[in-house]
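Here is a short tour of one protein model. Keep the sequence and the 3D view open as you read.

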Amino acid sequence: MAKIEVFTDGACRGNPGPGGWGALLRAGKHSKEIYGGEKETTNNRMELTAAIKALQQIKKPSVVVLTTDSQYVRKGITEWMDGWKAKGWKNSQKKPVKNVDLWQMLDEQNQRHKVTWKWVKGHSGHPENEIADQLANRGIDEL
């Protein structure tokens with residue numbers, strides 16, 4: 001299986017407001033940058049979208065190390081999702097999980113690959129996270 005590094009970020013100007021997502025994918029010496037935006041969204045939706053879009057870019061099942069600066073995304077996929085699914089996509093307060101459409105898409109992509117989920121502090125000078133942030137902001141700028 002191919003080993004691919006992925007770095008994702010989401011951004012929002014206002015929350016809700018115009019938002020963007022960005023991702024840097026790297027396999028060996030090859031890299032690819034992707035980004036996009038939505039006119040009315042939230043920061044969490046953009047963080048989720050970045051991870052989904054990045055994983056969708058990877059055509060064959062692969063070993064992926066995905067680094068995000070979103071604890072919401074990392075904890076959601078690694079800690080909370082099994083409970084949500086067991087409870088019919090309800091959270092611990094028995095309320096519907098927010099962004100369930102995106103969580104279900106992310107779950108589908110996560111199952112296609114062998115993903116290790118890593119977290120990095122945002123805006124801390126991590127080079128690839130800074131690139132993902134710039135891409136997310138480009139997604140907003142080009143709306």
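Ile4 stands opposite Val64 in β4. This is a predicted model.

Strand β1 covers residues 3-12. On another pairing, with strand β2 (residues 17-27), there are 8 bridges, and the two strands run antiparallel. Here Val6 stands opposite Leu25 in β2. How many of the 10 residues of β1 are buried? The count is 7, so the strand is largely enclosed by the rest of the structure.

## The turn between β1 and β2

β1 and β2 form a hairpin. Between them lie 4 residues. Gly14 sits in this turn and has a positive phi of about 90°.

The loop between β1 and β2 also holds Pro16. Which kind of peptide bond joins Asn15 and Pro16? The bond is cis, with omega about 15°.

## The whole sheet

Now step back to the sheet. The strands form an open sheet of 5, in the order β3-β2-β1-β4-β5, with mixed pairing. Its edge strands are β3 and β5, and each pairs on one side only. Direction ignored, neighbouring strands are turned by 20° against each other on average.

In a regular strand, side chains alternate between the two faces of the sheet.

Look next at strand β3, residues 30-41, where Thr41 is placed. Is Thr41 buried or exposed? Its relative accessible area is 4%, so Thr41 counts as buried, the cut-off being under 20%.

What does Thr41 touch, leaving out residues up to four places away in sequence? The list is Cys12, Asn15, Pro16, Gly17, Pro18, Gly19 and Met46. Among these, Pro16 is the residue found in the loop between β1 and β2, and it is joined to Asn15 by the cis bond.

## Helix α1

Helix α1 has 15 residues. From its first C-alpha to its last it reaches 21 Å, close to the 21 Å expected at 1.5 Å a residue.

Buried residues in α1 are Met46, Glu47, Leu48, Thr49, Ala50, Ala51, Ile52, Ala54 and Leu55. One of them, Met46, is also touched by Thr41.

## Helix α2: length, bend and cover

Helix α2 runs over residues 71-86. Its 16 residues should span 22 Å at 1.5 Å a residue, and its end C-alpha atoms are 21 Å apart, which agrees. Where does α2 bend? The bend is at Trp80, by about 65°.

Several α2 residues are buried: Tyr72, Val73, Arg74, Gly76, Ile77, Met81 and Trp84. Their cover includes α1 (43-57), β4 (63-68), α3 (100-112) and β5 (114-119). The helix lies across β4 and β5, and it runs at about 140° to β5.

## Where α2 meets α3

Two packed helices are described by the angle between their axes and the distance between the axes. For α2 and α3, the angle is about 95° and the axes are 11 Å apart. The two helices are therefore roughly perpendicular to each other. From α2, the contact is made by Tyr72, Val73, Gly76, Ile77, Met81, Trp84 and Lys85. From α3 come Trp103, Leu106, Asp107, Asn110 and Gln111.

Tyr72 lies in helix α2. Why is Tyr72 called buried? Its relative accessible area is 19%, and buried means under 20%. Leaving out residues up to four places away in sequence, Tyr72 touches Asn44, Leu48, Trp80, Lys98, Asn99 and Trp103. Trp80 is the residue where α2 bends. Tyr72 and Gly14 are 58 residues apart along the chain, and their C-alpha atoms are separated by 18 Å.

## After α2: positive phi values

Just after α2, Gly88 takes a positive phi of about 70°. Trp89 has a positive phi too, near 60°, and it is a residue other than glycine.

Trp89 is found in the loop between α2 and α3. Which is the relative accessible area of Trp89? The value is 16%, so Trp89 is buried. Lys94, at 70%, is exposed.

Conventions. Residues are numbered from 1 along each chain as its sequence is written. This is a predicted model: local features need pLDDT of at least 70, side-chain atom pairs count only at pLDDT 80 or more; totals for chains, interfaces and linings use all residues. Side-chain values use heavy atoms; hydrogens and water are left out. Buried means under 20% relative accessible area, exposed over 50%, partly exposed in between (1.4 Å probe, protein chains only). Contact means heavy atoms within 4.5 Å. The expected span of a helix is 1.5 Å times one less than its number of residues. The bend at a residue is the angle between axes fitted to the seven residues ending there and the seven starting there. Two strands pair if DSSP finds at least two bridges between them. Axes are lines fitted to C-alpha atoms, for helices over the stretch in contact, and angles run from 0 to 180 degrees between N-to-C directions. Angles under 35 degrees count as roughly parallel, over 145 as roughly antiparallel, 65 to 115 as roughly perpendicular and the rest as oblique.
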